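I opened the model today and kept notes as I went. Here is what I looked up.

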Amino acid sequence: MTKRFSISQVVLLVVTLALAIMWLAPLAWAVATSLKPESETTKIPLEWFGSTITFESYALVLGTGGIVKWAVNSTVTAVIVTFMTVLFSAMAAYGFARTQFKGQRVLLGLILAGIMVPPQVLMAPLFAEMVAFGLVDTWWAIILPQVAAPLIVYILFKFFQDVPPELEQAAFVDGAGRWRVFFTIVLPLSRPVLAAVSIFTFINTWNNFLWPFLVSTDPNTMTLPVGLANVVQGTFGLRYAQIMASVVLAGLPLLVVFVLFQRQIVRGVAHTGLAGQ
């Protein structure tokens with residue numbers, strides 16, 4: 001017996017396929033261009049594939065010698081930012097969701113207002129602050145400004161509001177304190193949403209180019225996007241095959257992370273408490 005699809009299902013499938021093609025087309029073009037001979041990347045009319053497939057652009061980019069160091073810097077930076085962001089955001093969100101204090105509504109409003117402020121607006125004052133503290137060209141200059149994440153606080157705040165308070169009250173009766181309840185009851189119950197925001201924070205930190213570019217001129221502290229951008233701009237000029245090879249190399253780790261943790265991402269989004277809002 002053949003299964004019949006409704007018109008709404010067919011429309012949804014077509015729209016989904018169209019969006020998937022729109023998302024995959026630039027990635028496919030980047031990979032195809034990176035495998036072309038450099039002389040054919042600007043050929044008119046443009047063609048998807050070159051006369052031969054060559055990995056010369058990847059060899060040139062990898063031959064710079066600094067890519068391994070930059071990848072390690074990006075990994076360390078992303079891990080530290082993710083850990084600090086999730087921990088501090090969870091503590092702040094739990095405080096707003098479960099405690100009452102003077103000025104709570106005003107402070108929560110200020111945090112939510114931070115969601116509407118574009119990060120680029122804060123670049124100049126943040127850079128001046130890093131200069132004043134002498135943190136330019138250090139990992140802390142890259143890490144600390146990225147830890148403040150109002151959106152993560154809001155997502156966790158909405159989730160903690162839906163955690164049954166009876167579980168915490170039972171722990172209080174047994175003599176547990178607020179910190180013990182937070183770390184032994186609330187956080188374990190929040191693993192799906194914590195996994196989702198951790199992955200999103202890691203990806204966002206790994207992809208962040210502008211802020212690390214402003215505060216890191218030392219090759220020893222550069223992240224992978226900044227290091228590759230400097231190599232391409234300073235050594236290769238506008239050699240598009242090598243530019244695309246750099247883009248592919250910088251994005252490959254994120255693709256692996258997404259493939260490995262896509263189930264946690266979906267589960268986390270489903271448990272954020274934002275559904276239907």
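Where is the place of Lys-36? I found Lys-36 in the loop between α1 (7-34) and α2 (56-62). Helices here (H or I, at least four residues) and strands (E, at least two) are DSSP runs, numbered from the N terminus.

Before going on, I noted the ground rules. This is a predicted model, where local features need pLDDT of at least 70, side-chain atom pairs count only at pLDDT 80 or more, and totals for chains, interfaces and linings use all residues. Residues are numbered from 1 along each chain as its sequence is written, and side-chain values use heavy atoms, with hydrogens and water left out.

Lys-36 is buried, with a relative accessible area of 4%. Buried means under 20% relative accessible area, exposed over 50%, and partly exposed in between (1.4 Å probe, protein chains only). I then listed what Lys-36 touches, not counting residues up to four places away in sequence: Trp-29, Thr-41, Glu-47, Trp-48, Phe-49, Gly-50, Thr-52, Thr-54 and Ala-241. Contact means heavy atoms within 4.5 Å.

The structure holds 1 cavity of 30 Å³ or more. A cavity is a set of points on a 1 Å grid over the protein atoms alone where a 1.4 Å probe fits but cannot get out; lining residues have an atom within 4 Å of a point. Grid points are joined across faces, edges and corners, and a volume is the space filled by probe spheres set on the points. The largest cavity has about 40 Å³ of space. Lys-36 is in its lining, along with Glu-40, Thr-41, Lys-43, Pro-45, Leu-46, Glu-47, Phe-49 and Gly-50. I sorted the lining into 3 nonpolar, 2 polar and 4 charged residues. Ala, Val, Leu, Ile, Met, Phe, Trp, Tyr, Cys and Pro count as nonpolar, Asp, Glu, Lys and Arg as charged, and the others, Gly among them, as polar.

**Entry: the whole chain**

I counted 13 helices and 0 strands in the protein chain. Of its 277 residues, 37% count as buried. Contacts with a separation of 6 or more are 75% between residues 24 or more positions apart.

**Entry: two helix pairs**

How do α7 and α10 cross? The axes of α7 (residues 150-161) and α10 (residues 191-207) come within 11 Å and cross at roughly 170 degrees. The two are therefore roughly antiparallel. Axes are lines fitted to C-alpha atoms, for helices over the stretch in contact, and angles run from 0 to 180 degrees between N-to-C directions. Under 35 degrees counts as roughly parallel, over 145 as roughly antiparallel, 65 to 115 as roughly perpendicular and the rest as oblique. Ile-152, Ile-155, Leu-156 and Phe-159 of α7 meet Val-193, Leu-194, Val-197 and Thr-201 of α10. That contact divides into 7 nonpolar, 1 polar and no charged residues.

I then took α3 (residues 67-98) and α9 (residues 178-189), whose axes come within 12 Å and cross at roughly 110 degrees. That makes α3 roughly perpendicular to α9. This contact has 10 nonpolar, no polar and 2 charged residues.

**Entry: Lys-69**

Lys-69 lies in helix α3 and is partly exposed at 41% relative accessibility. I noted that Lys-69 touches Pro-219 and Asn-220, not counting residues up to four places away in sequence.

Key. 1 Å grid on protein atoms, 1.4 Å probe; cavity = no way out; pocket = protein on both sides within 12 Å on 5 of 7 lines; lining within 4 Å.
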